[in-house]
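This report concerns the pockets and the surface of one protein model. Please look over the sequence and the structure before reading on.

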Amino acid sequence: MDQPKVFISVGGTTTAEQEEFVKHIEDRLQAENLTPNTIGRNKFSADSPLKSIKDLMDECSGILVIALERTYFEKGLEKRGSTQEIQLSTTKFSTPWNQIESAMAYAKNLPILVIVEEGVRAEGLLEKGYDWYVMTAKPNQSSLLTAEFNGVLASWKSKVEKLNLSKNDTTALKKKVVPDELTIGDLVSGMKPAQLWGVLGAIIALMIGIFVIGQHFPVK
């Protein structure tokens, strides 16, 4: 079975701490025999971003979302000017591509695992309570050594491997057969025992028929 590919949704890192954290996750995935793939990190394309993401996801059997701080507000307002206006302070947001890629992965029925940096606003598809696990963590290696991370990673990995196996089986079934390229050995090896005995029986019957006709109509 091919080593499963997984899509990593993460924005460009802006600090050494973020970069080190992403590398630790990539190393852990590779140690688990999973191949991480990230647009703009180890995968590049001349196509539009959405097409590049779609094409890469088609090759993957799961997605891991890493929501790191991208935007920071000292203070602000939510629903400004309304009766529901809320004062905001020290608010952090991740890249909007986390939301876009999560939605695309969900539409493709890919197993999803979300890691949200501690302090980043978990809204939309980064919120808890959906069909996937959302883990809040500090962006350091120790967060990847906890019982929580080990447990959710194992569960998600199992789903990824199951989907990967299913995709490989489907690909094998859809593999185009070119009759001109088949040998007798290929045909025989592809037959079930009942089919093989049926063909042999037909050949024997044909040979007997030819023999009988030869007896009744000898060649002059």
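The model is a predicted one.

**Pockets**

| Pocket | Volume | Lining | Classes in the lining |
|---|---|---|---|
| Largest pocket | about 200 Å³ | 13 residues | 9 nonpolar, 2 polar, 2 charged |
| Second largest pocket | about 170 Å³ | 14 residues | 7 nonpolar, 5 polar, 2 charged |

Pro 111, Ile 112, Asp 131, Trp 132 and Lys 159 are the lining residues that lie nearest the centre of the largest pocket. Two elements give two or more residues to this lining, strand S6 (112–117) and helix H4 (147–174). Helix H4 provides the largest share, 4 residues. By class, the lining of the largest pocket holds 9 nonpolar residues, together with 2 polar and 2 charged ones.

In the second largest pocket, the residues nearest the centre are Val 10, Gly 11, Ile 39, Trp 97 and Glu 101. At least two lining residues come from each of strand S1 (5–9), helix H2 (49–59) and helix H3 (97–107). Strand S1 gives the most to the lining of the second largest pocket, with 3 residues. Here the classes are 7 nonpolar, 5 polar and 2 charged residues.

**Surface patch**

Which residues make the nonpolar surface patch of about 250 Å²? Leu 50, Trp 97 and Ile 100 make it. Trp 97 is also among the residues nearest the centre of the second largest pocket. Leu 50 is found in helix H2, an element that supplies at least two residues of the lining of that pocket.

Is Leu 50 buried, partly exposed or exposed? Its relative accessibility is 46%, so Leu 50 counts as partly exposed. The partly exposed class applies because it takes in values between the cut-offs of under 20% for buried and over 50% for exposed.

**Tyr 133**

Tyr 133 belongs to strand S7, which runs over residues 133–137. With a relative accessible area of 36%, Tyr 133 is therefore classed as partly exposed. Along the chain, Tyr 133 and Ser 155 are 22 residues apart. Their C-alpha atoms are separated by 9.8 Å.

Methods
Residues are numbered from 1 along each chain as its sequence is written. This is a predicted model: local features need pLDDT of at least 70, side-chain atom pairs count only at pLDDT 80 or more; totals for chains, interfaces and linings use all residues. Side-chain values use heavy atoms; hydrogens and water are left out. On a 1 Å grid over the protein atoms alone, a cavity is a set of points where a 1.4 Å probe fits but cannot get out, and a pocket is an open set with protein on both sides within 12 Å along at least five of seven lines; lining residues have an atom within 4 Å of a point. Grid points are joined across faces, edges and corners, and a volume is the space filled by probe spheres set on the points. Ala, Val, Leu, Ile, Met, Phe, Trp, Tyr, Cys and Pro count as nonpolar, Asp, Glu, Lys and Arg as charged, and the others, Gly among them, as polar. Patches are made of residues with over 30% relative accessible area and no salt bridge: like charges are joined within 9 Å, nonpolar side chains (Val, Leu, Ile, Met, Phe, Trp, Tyr) within 5 Å. Accessible areas come from the Shrake-Rupley method with a 1.4 Å probe; for residues, only the protein chains shown count as cover. A salt bridge is a side-chain nitrogen of Lys or Arg within 4 Å of a carboxyl oxygen of Asp or Glu. Buried means under 20% relative accessible area, exposed over 50%, partly exposed in between (1.4 Å probe, protein chains only).
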